[in-house]
Amino acid sequence: MDFSMVGPSIMLGLGCLGSSIGCTIPSMALHGVMTHIDEGHGKLIGLSAFPSSQAIYSFVLMVLMADKIRAGTLPPLTAIGIGFFIGLALCVCSIFQGKVAATAIQASAKQPAIFGKCVTGVVIVETFAIFAFVFTLLIM
């Protein structure tokens with residue numbers, strides 16, 4: 001039995017799991033907010049989609065990891081470690097980014113003028129996912 005693609009699978013699975021949870025949290029907040037405000041829904045919908053980026057990062061890393069395993073430059077056991085820990089980092093970033101986005105949606109609905117400031121918190125969490133992505137590229 002060939003276990004060489006376990007690492008890339010873990011990477012993709014955790015990244016997508018986190019993104020789905022991360023997008024669900026602000027989307028639920030968004031539904032409640034849209035019943036109270038008549039305009040500005042588009043930018044709030046955009047906030048709820050931020051955690052989906054981690055699924056993209058995990059997909060790109062999965063493809064690159066699988067190519068390196070096939071080429072023999074990345075041992076499968078190393079790929080499992082990378083896939084698990086970086087996938088976990090992306091998963092956790094997504095979930096907490098979703099929580100920050102949910103509060104940003106609620107705050108922006110009450111005070112539309114602070115929208116830009118609220119986005120800053122969402123972007124700060126995104127930087128940690130980007131760090132995980134870039135650091136993974138460096139270690140593979």
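Colleague: Does Cys 91 count as buried or exposed?
Modeller: This is a predicted model. Buried means under 20% relative accessible area, exposed means over 50%, and partly exposed covers the range in between (1.4 Å probe, protein chains only). Cys 91 has a relative accessibility of 7%, so Cys 91 counts as buried.

Colleague: Which pLDDT do side-chain atom pairs need in order to count?
Modeller: Residues are numbered from 1 along each chain as its sequence is written, and side-chain values use heavy atoms, with hydrogens and water left out. Totals for chains, interfaces and linings use all residues, local features need pLDDT of at least 70, and side-chain atom pairs count only at pLDDT 80 or more.

Colleague: What is the mean pLDDT of the protein?
Modeller: pLDDT is the predictor's confidence in each residue, from 0 to 100. Here 99% of the residues reach 70 or more, and the mean is 93.

Colleague: In which helix is confidence lowest?
Modeller: The highest mean, 96, belongs to helix α3 (residues 53–71). At the other end, with a mean of 87, is α2.

Colleague: How many disulfides are in the whole structure?
Modeller: A disulfide is a covalent bond between the sulfur atoms of two cysteines. The test is a pair of cysteine sulfur atoms within 2.5 Å. A search of the whole structure gives a count of zero.

Colleague: How far is the sulfur of Cys 16 from the nearest cysteine sulfur?
Modeller: Cys 16 is partly exposed, at 34% relative accessible area. Its nearest cysteine sulfur is that of Cys 91, and the separation is 10 Å.

Colleague: Which cysteine has the sulfur closest to that of Cys 91?
Modeller: The separation is 9.5 Å, too far for a bond. The closest sulfur is in Cys 93.

Colleague: How are α3 and α4 oriented, parallel or antiparallel?
Modeller: Axes are lines fitted to C-alpha atoms, for helices over the stretch in contact, with angles from 0 to 180 degrees between N-to-C directions. Under 35 degrees counts as roughly parallel, over 145 as roughly antiparallel, 65 to 115 as roughly perpendicular, and the rest as oblique. The axes of α3 and helix α4 (residues 76–110) come within 10 Å and cross at roughly 175 degrees. The pair is therefore roughly antiparallel.

Colleague: How far apart are the axes of α2 and α5?
Modeller: Helix α2 (residues 41–49) packs on helix α5 (residues 115–139) at about 10 degrees. The two are therefore roughly parallel to each other. Their axes are separated by 11 Å.

Colleague: Which residues of α5 meet α2?
Modeller: By class, this contact has five nonpolar, no polar and one charged residues. From α2 come Lys 43, Leu 44 and Leu 47, and they meet Phe 115, Val 119 and Val 122.

Colleague: What is the C-alpha separation of Ile 82 and Met 140?
Modeller: Ile 82 lies in helix α4 and is buried, at 8%. Beyond four places in sequence, its contacts include Met 11, Met 65, Thr 136 and Met 140. Ile 82 and Met 140 are 58 residues apart along the chain, yet their C-alpha atoms are separated by 8.6 Å.

Colleague: Which helix holds Cys 23?
Modeller: Cys 23 counts as buried, at 18% relative accessibility. Leaving aside neighbours within four places, Cys 23 contacts Ser 48, Ala 49, Pro 51 and Ser 52. Its helix, residues 6–34, is α1.

Colleague: What share of the 140 residues is buried?
Modeller: The C-alpha trace spans about 55 × 25 × 20 Å along its principal axes. Of contacts with a separation of 6 or more, 85% join residues 24 or more positions apart. The buried share is 42%.

Technical notes: Helices (H or I, at least four residues) and strands (E, at least two) are DSSP runs, numbered from the N terminus. Contact means heavy atoms within 4.5 Å. Ala, Val, Leu, Ile, Met, Phe, Trp, Tyr, Cys and Pro count as nonpolar, Asp, Glu, Lys and Arg as charged, and the others, Gly among them, as polar.
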